[in-house]
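Please read the following note alongside the structure, taking the numbered points in order.

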Amino acid sequence: MTRSARTIAQTIITLCLALPATPAPTSASAPAKLADDEGALSAFAAIHPIDVHVHVFRTDPAFQKMLERLNLKLLDILVIDDTNPNRRQLQPQIDNGLELVRSGGGHFALCTTFDPYKFDNASFAADAIRQLDRDFAHGALAVKVWKNVGMEIKDGSGKYVMADDPKFEPIYKDIAAHGKTLMTHQAEPDVAWGPPDAADPSWSYYQENPQWYVANRPGFPLKQKILDARDHVLAQNPKLPMVGVHLGGMERDLGNIARHLDEYPNFAIDTAARMEYLMLMPPEKVSAFLIKYQDRILYGTDLDLHPDANIPHALTEWQSTYARDWKFLATSDTLTAGGRQVRGLNLPQAALQKIFRSNAIRWIPGL
Ligand SMILES: [Zn+2]
C-alpha cells in the first residue's frame, strides 16, 4: 500500500472509530462519504486542476474517464530507483511516459529524469544532456532529481554525491537553456533522521522502506547538508526554475520555507505527500502562509498507478485524495487527519486558482 493509500485507510479507520456505536449499518457511512466527496470533486473539477506530482506506469479506460470527468491534467514524474523493479531502467519509463502523453488526450505531461547511477562515467554529463535534449524534443517539460542524490549514490572516493556537485552543473545549465524546470526531491522528512515516531505522517513509509530510514547511521549526511547543496544549486542557477517537491523537504517549518521563497525567486514548492503536515499545523498559520506565497505553491499528490494496480481501488484512492485536499484548502468542512479533527482553510478563490492550476502553468511552461 502506498503512503496515501494508507493515509486514506487510516482516515477511514479513524472515521469508523469515531462513529457512535449505534446499530446503524456501517455500509451507510460509505455512500454518504462518497456523496460528500462528489461535491468536493465537482468544485475541484471546475478549476481545471493540475496535479504536478504523480507516478503513472499505465493507463486504463476507467482511469482516463476519471481524468476527463475531473478536467484533470497530470505531470507524470520519472525516477530511477535501483531498489524498485518498476523504476530500475530509464528508457522504458521514458517510452511509457511519452506514450501516455501521446494517447492521453491532453491529460498527461512528462517530467523526465537522467540516470544518476552513471555519475562516475567519464561521459556522464554529456550523455545525460543528449538524452534530456531528446526528451525535450519529444515534449518533456521538466526534469527530476531524486533523493538518491544526497542519500544513496557515492562517488569514486566513497563520498555521498550532493546535488551541487560540479558534474551536475552542465546539466542544470542545459535544462535552463531549454526553458525547462528542475523538480528536486532532496532529503526526506525530519523523521528519517530522528527517533521512531508513529505520530509522524511519514513514519509508516519508513517501516515499509527501511532503506531510507537513516537515523543512527554513522557518517550519513545530515539533512541540512543535503538541503544546503540544493540551495547552492538555486543560488548558482538563478535562471533555472526549481520546484522543491514535498514542501521543498522542509515539511515541519513554514518559516524556513518562507525564507527560501524570499531568498530564491527561482524557487517554488509542491505539496506532494506532505498535505498532512499542513493539516496538523495551526490552521491560521497555514492559511497565512498559503495566502502570502500563493504564487509559489503548486498542487501535487504523489499518487501512483503501478503496472499491476487494481483499478477500482486506485480510482477510489485518487478521488478520495483529491476530495480530501480540496475540502482542506477550499472549504471550512471538518476532516480527520492523523486521528485529529481538522478544519478546512477556506482559502480565497484567487489563491485556489493559482495553487490548483495556474502556478503549474507558470512554473512548468508547456503544461
Ligand atoms: Zn514522487
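How many helices and strands are there in the chain?

1. The chain has 15 helices and 11 strands, where helices (H or I, at least four residues) and strands (E, at least two) are DSSP runs numbered from the N terminus. The radius of gyration of the chain is 20 Å, close to the 21 Å that the globule rule gives for 367 residues, so the chain is as compact as a globular protein of that length; the radius is taken over C-alpha atoms, and the rule is 2.2 Å times the number of residues to the power 0.38.

2. This is a predicted model, in which local features need pLDDT of at least 70 and side-chain atom pairs count only at pLDDT 80 or more, while totals for chains, interfaces and linings use all residues. Residues are numbered from 1 along each chain as its sequence is written.

3. Of the 367 residues, 42% count as buried, a residue being buried if 20 or more other C-beta atoms lie within 10 Å of its own, exposed if 12 or fewer, and partly exposed in between, with C-beta atoms placed from the backbone. Among contacts with a separation of 6 or more, 72% are between residues 24 or more positions apart; two residues are in contact if their C-beta atoms, placed from the backbone, lie within 7 Å.

4. Ile77 lies in strand β2 (residues 73-77), and Ile77 counts as buried because it has 27 C-beta neighbours inside 10 Å. Leaving aside neighbours within four places in sequence, the contacts of Ile77 are His53, Val54, His55, Cys111, Lys144 and Met183.

5. The axes of helix α5 (residues 124-137) and helix α7 (residues 169-177) come within 9 Å and cross at roughly 20°; axes are lines fitted to C-alpha atoms, for helices over the stretch in contact, and angles run from 0 to 180 degrees between N-to-C directions. The two helices, α5 and α7, are therefore roughly parallel to each other, a term for angles under 35 degrees. In this pair, Ala125, Ala128, Ile129 and Leu132 of α5 meet Pro170, Ile171, Asp174 and Ile175 of α7.

6. Helix α3 (residues 61-69) packs with helix α14 (residues 311-330) at an angle of about 20°, their axes being 10 Å apart, and α3 and α14 are therefore roughly parallel to each other. From α3, Ala62, Phe63 and Met66 meet Ile311, Leu315, Trp318 and Gln319 in α14.

Definitions and conventions
Parallel < 35°, antiparallel > 145°, perpendicular 65-115°, else oblique.
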